[in-house]
Amino acid sequence: MKELISPIADHIAAKEDVCVATIMVCGGSTPRGPGTAMVIGRNACIAGTIGGGILEAETIRAAQAVLAQKKSTLKHFTLNKNDFNSLDMICGGWVEIFIQFVDATSPENIRLIAEMKQHLEKNRPFHLITPIQDPMNGQQTREKWFLSVTGNGEKNPLTAEYGLDPYLANHRSYQVIESKTQRFIVQMITPGYCVYVFGGGHVGLKVYELAKFIGLRVVVIDDRPEFADPDRFPRADGVMVHSDYDRLFKELPLDRGSMIVIVTRGHRHDAEVLEHSLQTDAGYIGMIGSRKKIPAIYEGLKKQGFADKDFMRVKAPIGLPIRAETPEEIAVSIIAEIIREKAALQNA
């Protein structure tokens, strides 16, 4: 959903109403999972995808009716060609899609989008909470979406009013919650996963390229100016020349969305970065190295008070075991492992 905030803002700025179509729940085999969303404007202008094919085409068609009627709706599709009312697809599953009408002239929508952009700019996570207007349920009470925090970062009292606070505390990226007499789609929006690449050498360069390719933020750190050169990493979100790791780790905003890749130029630097990494909440810590080097680093850190349970967080040797040899292949294995761990964090 985070990627759709900007397209929604663009439509609102142009005073063009849009729809947000979200896969609310699904069963069986489906093209995309719950929480997948797309933005649909008039003339089928879209951003994002819910899987393509007939399902997406029918959703776009339904969205045009929502735009005309200015009223959100909940649609149920079966993806089995044997069903009379199906979409003639062979996936064999079913999907409920909530098509939300977003009024571009609504002052509340304008304010809400501005607040979402403000939270992202300030690296402040929040929950986007969307009431589900189910035509089969006459008890729905609220229609307008809202955030779990206000524009100044304070807790929104509406989350307590609707009994949502216990659900927000588990930090799941997507939930459908039934609270009192109303259902809500609750999506956690974070500023984005960031890969911190410690080491700007051959492997670090390729990791940076692939991480940007899949849409991750990337910060590259190296103690050598010629390897921590912005011209070498033109699309990086940050390039830093640093060797004082004590000070650096106090400054970096590391959290569960941080992915630390340790590919420095030597064992000493690897060990020092790992030591500090283990004291953070980083969602991924991976370290390059041979099966002989890694135990040696662990033994050294044990003397500083670390235990075997601490090292269970570390992916070492880094990357999925695909027999990678070249910097490009190693980077593929690292990014594949990050994708896997990111998915696990989102569904934890």
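**Figure 1. Strands E1 and E5, side by side.** Strand E1 (residues 18-27) and strand E5 (residues 93-102) run antiparallel, and nine bridges join them. As with every view here, what you're looking at is a predicted model.

**Figure 2. Helix H1 against helix H3.** Helix H1 (residues 5-13) packs with helix H3 (residues 107-121) at an angle of about 145°, and the two axes are 10 Å apart. The crossing of H1 past H3 is left-handed. On the H1 side, the contact is made by Ile-5, Ile-8, Ala-9 and Ile-12. H3 answers with Asn-109, Ile-110, Ile-113, Met-116, Lys-117 and Leu-120. Sorted by class, that contact has eight nonpolar residues, one polar and one charged.

**Figure 3. Two lysines with positive phi.** Lys-15 isn't a glycine, yet its phi is positive, at about 60°. Look for Lys-15 in the loop between H1 and E1. Is Lys-15 buried or exposed? With 65% relative accessibility, Lys-15 counts as exposed, since the cut-off for that label is over 50%. Lys-70 is another residue other than glycine with a positive phi, near 55°. Lys-70 belongs to the loop between H2 and E4.

**Figure 4. The parallel open sheet.** Here six strands form an open sheet in the order E12-E11-E10-E13-E14-E15, and the pairing is parallel. Strand E12 (238-241) and E15 are the edge strands, each pairing on one side only. E11 and E12 pair in the parallel sense over four bridges, and along that pair Asp-222 stands opposite Val-241 in E12. Five bridges join E10 to E13, again running parallel, with Tyr-196 opposite Ile-260 in E13. E13 also pairs with E14 in the parallel sense, over four bridges; there, Ile-262 stands opposite Met-287 in E14. Helix H8 lies across E10, E13, E14 and E15, and runs at about 160° to E13.

**Figure 5. Strand E13, covered along its length.** How many of the residues of E13 are buried? Five of its five are, so to count as buried each has under 20% relative accessible area. Ser-258, Ile-260 and Ile-262 point one way from the strand, while Met-259 and Val-261 point the other way.

**Figure 6. The largest nonpolar core, and another one apart from it.** In soluble globular proteins, nonpolar side chains tend to be buried together. The largest nonpolar core in this model has 26 residues. Those with the most contacts inside it are Tyr-196, Phe-198, Leu-274, Leu-278 and Met-287. Strand E10 (194-198), strand E11 (217-222), strand E13 (258-262) and strand E14 (284-287) are among the elements giving two or more residues to this core. Also included are helix H7 (245-251), helix H8 (267-277) and helix H9 (293-302). H9 supplies the largest share, four residues. Apart from this core lies another, of 24 residues, including Tyr-193, Val-218, Val-261 and Ile-318.

**Figure 7. Who touches Tyr-196?** Leave out residues up to four places away in sequence, and Tyr-196 touches Val-219, Ile-221, Leu-252, Pro-253, Leu-254, Ser-258, Met-259, Ile-260 and Val-261. You've already met Tyr-196 among the residues with the most contacts inside the largest nonpolar core.

**Figure 8. A cis peptide bond at Pro-317**. The bond that joins Ala-316 and Pro-317 is cis, and omega is about 0°. Pro-317 is found in the loop between strand E15 (314-315) and helix H11 (327-346).

Notes. Residues are numbered from 1 along each chain as its sequence is written. This is a predicted model: local features need pLDDT of at least 70, side-chain atom pairs count only at pLDDT 80 or more; totals for chains, interfaces and linings use all residues. Side-chain values use heavy atoms; hydrogens and water are left out. Axes are lines fitted to C-alpha atoms, for helices over the stretch in contact, and angles run from 0 to 180 degrees between N-to-C directions. A crossing is left-handed if the near helix is turned anticlockwise from the far one by less than a right angle, and right-handed if clockwise. Contact means heavy atoms within 4.5 Å. Ala, Val, Leu, Ile, Met, Phe, Trp, Tyr, Cys and Pro count as nonpolar, Asp, Glu, Lys and Arg as charged, and the others, Gly among them, as polar. Two strands pair if DSSP finds at least two bridges between them. Buried means under 20% relative accessible area, exposed over 50%, partly exposed in between (1.4 Å probe, protein chains only). A nonpolar core is a set of buried Ala, Val, Leu, Ile, Met, Phe, Trp, Tyr and Cys residues joined through side-chain atoms within 4.5 Å.
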